[in-house]
Structures are given as structure tokens and as C-alpha cells.
Amino acid sequence: MKGRPLSERIGFALAGLRTGWRREASFRSNIGFASGAAVALLILRPVPVWWALVAVTVAIVLALELLNSALEGVIDLLHPGLHPEIGAVKDMLAGAVLMAALVVAAAMVIDTMEWLA
């Protein structure tokens with residue numbers, strides 16, 4: 001992978017996004033929520049800092065969702081059977097995604113409350 005041209009490395013990243021879209025319902029759901037957040041921003045027209053905050057937090061959620069899926073895939077390959085410790089690791093990965101998603105939701109609620117005030 002080292003020394004590859006930038007265009008090739010970007011191609012790998014785009015392939016990863018396509019794979020995440022095809023394989024992961026959670027990733028597709030989060031894209032839907034991100035689209036809803038974008039619509040809310042267009043309707044509410046908050047100050048630019050809110051656009052940036054929502055964009056960054058949405059990107060973090062999507063990145064964590066892809067990382068969660070990738071790590072779960074590796075875990076399943078290395079240890080295909082059920083094991084309590086594997087379950088705990090997968091739960092913690094899912095918890096990381098949930099925490100980031102809650103931050104996005106909180107930011108949207110705060111922005112809406114500020115707009116309505």
C-alpha cells in the first residue's frame with residue numbers, strides 16, 4: 001500500500017465507502033439521518049458554526065460506523081464462534097457509534113431550540 005499514487009489511494013477509500021453502503025444497513029441508516037440533518041439545516045438556516053458542528057459530528061458517526069463494521073468483520077474472521085469477550089468488544093464498538101450519534105442528535109435539538117426561541 002505504501003508508495004501508491006494518491007488517486008489509487010482515494011480509489012481504495014471510495015471502494016470502502018461503496019462496500020460499507022452495500023453491506024451495512026446501519027451505514028445506510030446513518031446516511032439517511034445525515035440527509036435529514038442537512039434538510040433541517042437548510043430549513044433552519046443556522047449560523048455557519050452550526051453547519052460546521054453538524055458536518056463534523058456526522059462525519060465522525062459515519063467514520064465510526066465504517067470502523068465498527070471493519071473491526072467486526074476482522075473479529076468474525078479471527079474468531080467465528082460465539083464468545084462472551086467477543087460479544088463485549090462488539091458491544092463497545094456499537095456503543096462508540098451510538099455515543100457519536102447522540103452528539104449529533106443533541107446538536108440538532110440545541111440548534112432547533114435556539115431557532116425556536
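In the predicted model, helices α2 and α3 pack with their axes 10 Å apart and at an angle of about 175°. Because this angle is over 145 degrees, α2 is roughly antiparallel to α3. On the α2 side, the contact is formed by S26, F27, N30, I31, A34, A37, L41 and L42; the residues of α3 that meet them are W50, W51, V54, V58, V61, L62, E65 and L66. By class, 13 residues of this contact are nonpolar, 2 are polar and 1 is charged.

The largest nonpolar core comprises 11 residues, namely F27, A34, A37, L41, V54, V58, V61, L62, A100, V104 and M108. Two or more residues are given to this core by each of α2 (25–44), α3 (48–78) and α4. Several core members, including F27 and V54, also take part in the contact between α2 and α3.

Helix α4 additionally contains I110. This residue counts as partly exposed, because its relative accessibility is 46%, a value between the limits of 20% for buried and 50% for exposed residues. The C-alpha atom of I110 lies 9.9 Å from that of W50, although 60 residues separate the two along the chain. W50 is itself one of the α3 residues that meet α2.

As to confidence, the protein chain has an average pLDDT of 90, and 97% of the residues score at least 70. Among the elements of the chain, the highest mean pLDDT, 95, belongs to helix α1 (residues 6–23), whereas the lowest, 86, is found for helix α4 (residues 84–116).

How values were computed
Residues are numbered from 1 along each chain as its sequence is written. This is a predicted model: local features need pLDDT of at least 70, side-chain atom pairs count only at pLDDT 80 or more; totals for chains, interfaces and linings use all residues. Side-chain values use heavy atoms; hydrogens and water are left out. pLDDT is the predictor's confidence in each residue, from 0 to 100. Helices (H or I, at least four residues) and strands (E, at least two) are DSSP runs, numbered from the N terminus. A nonpolar core is a set of buried Ala, Val, Leu, Ile, Met, Phe, Trp, Tyr and Cys residues joined through side-chain atoms within 4.5 Å. Buried means under 20% relative accessible area, exposed over 50%, partly exposed in between (1.4 Å probe, protein chains only). Axes are lines fitted to C-alpha atoms, for helices over the stretch in contact, and angles run from 0 to 180 degrees between N-to-C directions. Angles under 35 degrees count as roughly parallel, over 145 as roughly antiparallel, 65 to 115 as roughly perpendicular and the rest as oblique. Contact means heavy atoms within 4.5 Å. Ala, Val, Leu, Ile, Met, Phe, Trp, Tyr, Cys and Pro count as nonpolar, Asp, Glu, Lys and Arg as charged, and the others, Gly among them, as polar.
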